[in-house]
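Biologist: I would like to go through this model with you. Could you take my questions one topic at a time?

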Amino acid sequence: MEKTNRNLAIDTYRGFVMLLMMAEILQLSRVHKALPDSAFWRFLAYHQTHTAWAGCSLHDTIQPGFSFLVGVALPYSVAARLARGGTFRGLFLHAIWRSFLLVALGIFLRSTDRPQTYFTFEDTLTQIGLGYCFLFLLAFRPPKWQWIALGSILFCYWLAWALYPAAQPGAFTGFLAHWNKGDNFGNRFDVWLLNLFPRVQPFVHNDGGYLTLSFIPTLGTMILGLAAGRWLRAAMPAIPLRRLLIAGAIGIAAGLLLHFAGICPIVKRIWTPAWVLFSGGLCFLFLAAFCWLTEVKQWRRWAFPLIVIGTNSMAAYLIAHLWEDFFIDTFRIHLGEHAFALFGAPYEPLVRGIAVLACYWLVLWWMYRRKLFLKI
């Protein structure tokens with residue numbers, strides 16, 4: 001029979017990624033703004049915000065971690081469905097339906113508080129949805145095909161940007177200016193695509209530099225996760241720690257080499273091929289660390305709060321995006337305007353955020369206890 005045992009490290013890592021996302025409510029940047037001379041709060045604020053363009057903070061690892069884990073989980077999901085009598089046709093139709101729902105849900109979330117549907121495709125869920133069917137098909141091909149697909153995606157995407165006229169001025173000069181924010185290859189595509197949809201105003205650019213076409217290299221991140229998931233299932237009950245660590249080191253080294261050699265920069269906002277390799281390497285290392293803690297050392301009690309989140313990641317994603325104002329308004333109405341200023345005004349956003357984050361977790365814990373898991 002196919003091996004379908006659940007790997008606790010995957011749920012723990014997913015819970016860690018979602019916790020980082022939900023923890024945006026702590027608003028550490030506001031604390032740092034109130035205490036600008038504190039190196040401690042400067043460090044925490046930096047790692048709870050996205051880098052302006054090139055580079056990487058802890059916060060920048062959220063989306064690649066989420067995408068990577070989609071790939072890791074796919075071999076387990078496919079094996080489980082086949083063991084229950086599923087067919088390739090049925091599974092593929094489900095993959096198409098899942099892709100559609102993810103794209104639609106991403107558009108829905110981006111449209112919140114807007115006068116009409118805001119058609120844009122840079123949301124994390126939408127990006128995963130656009131590439132998911134391709135990932136599913138690759139899961140049924142030999143590993144060689146998967147690596148060839150990854151290499152082809154990264155090279156062709158790099159080449160398209162390299163051949164497009166460089167945007168000046170920007171964060172980079174010389175050859176790397178092809179990956180500056182502004183009139184780059186991805187933005188030109190969006191100016192064409194997004195203006196085909198009804199809009200309040202014509203689309204000119206995304207303020208953060210995010211792009212629809214980033215779903216293509218995001219697929220590369222998911223393929224790396226697919227490789228990790230395949231290795232984990234093949235080695236059960238052992239954990240291929242060495243392979244994960246080597247893959248992580250190679251990915252980080254390759255990304256840094258491309259960046260500092262002036263071939264391709266590490267930019268998360270436009271998901272450059274160098275970012276795929278660098279962030280993918282980090283994902284391998286994170287996965288290896290969680291595998292070592294929960295599967296090798298069997299230290300699992302500490303992981304329970306993360307497992308509660310990780311086993312219901314879709315619910316966690318929606319709660320963080322849709323319920324923030326509800327909890328904040330509820331606290332304000334029933335506890336008063338400054339109920340969380342007990343340690344002074346600079347820490348008020350943090351204390352309020354901790355209370356909201358605790359409410360998020362309690363909702364997920366209630367769902368976990370009752371085995372209510374939101375699946376797509």
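Biologist: In which helix do Arg332 and Asp329 lie, and how many residues apart are they?

Modeller: This is a predicted model. In it, both residues belong to helix 14 (residues 324–335), where Arg332 and Asp329 are 3 residues apart, about one turn of the helix.

Biologist: What do the side chains of Arg332 and Asp329 meet in?

Modeller: They meet in a salt bridge, with an N to O distance of 3.5 Å.

Biologist: Buried or exposed, or partly exposed: what does Arg332 count as? And Asp329?

Modeller: Arg332 has a relative accessibility of 36% and counts as partly exposed. Asp329, at 33%, is also classed as partly exposed.

Biologist: How many salt bridges does the structure hold?

Modeller: There are 7 salt bridges in the structure. One of them pairs Arg300 with Glu295, whose closest N and O atoms are 3.1 Å apart.

Biologist: What is the relative accessible area of Arg300, and what is that of Glu295?

Modeller: Arg300 has a value of 34%, so it is partly exposed. Glu295 has 18% and is therefore buried, the cut-off for that class being under 20%.

Biologist: Moving to helix 15, what should its 22 residues span?

Modeller: Helix 15 covers residues 348–369 and, at 1.5 Å a residue, should span 32 Å. Its end C-alpha atoms are 32 Å apart, which agrees with that expectation.

Biologist: Which residue takes a positive phi just after helix 15?

Modeller: That is Lys371, with a phi of about 55°.

Biologist: Within helix 15, how many residues apart are Arg352 and Glu348?

Modeller: They are 4 residues apart, so about one helical turn separates Arg352 from Glu348. Their side chains form a salt bridge, at 3.9 Å from N to O. Arg352 is buried, with a relative accessible area of 15%, and Glu348 is buried as well, at 11%.

Biologist: A change of topic: how many disulfides does a search of the whole structure find?

Modeller: The search finds 0 disulfides. Cys56, for example, is in no disulfide.

Biologist: Where is the nearest cysteine sulfur to Cys56?

Modeller: It belongs to Cys283 and is 9.4 Å away.

Methods
Residues numbered from 1 in each chain as written. Predicted model: local features only at pLDDT ≥ 70, side-chain atom pairs only at ≥ 80, totals over all residues. Heavy atoms only, no water. Helix = DSSP H or I, 4+ residues; strand = E, 2+ residues; numbered from the N terminus. Expected span 1.5 Å × (residues − 1). Salt bridge = Lys/Arg side-chain N within 4 Å of Asp/Glu carboxyl O. Buried < 20%, exposed > 50% of the residue type's maximum accessible area, 1.4 Å probe, protein only. Disulfide = S-S within 2.5 Å.
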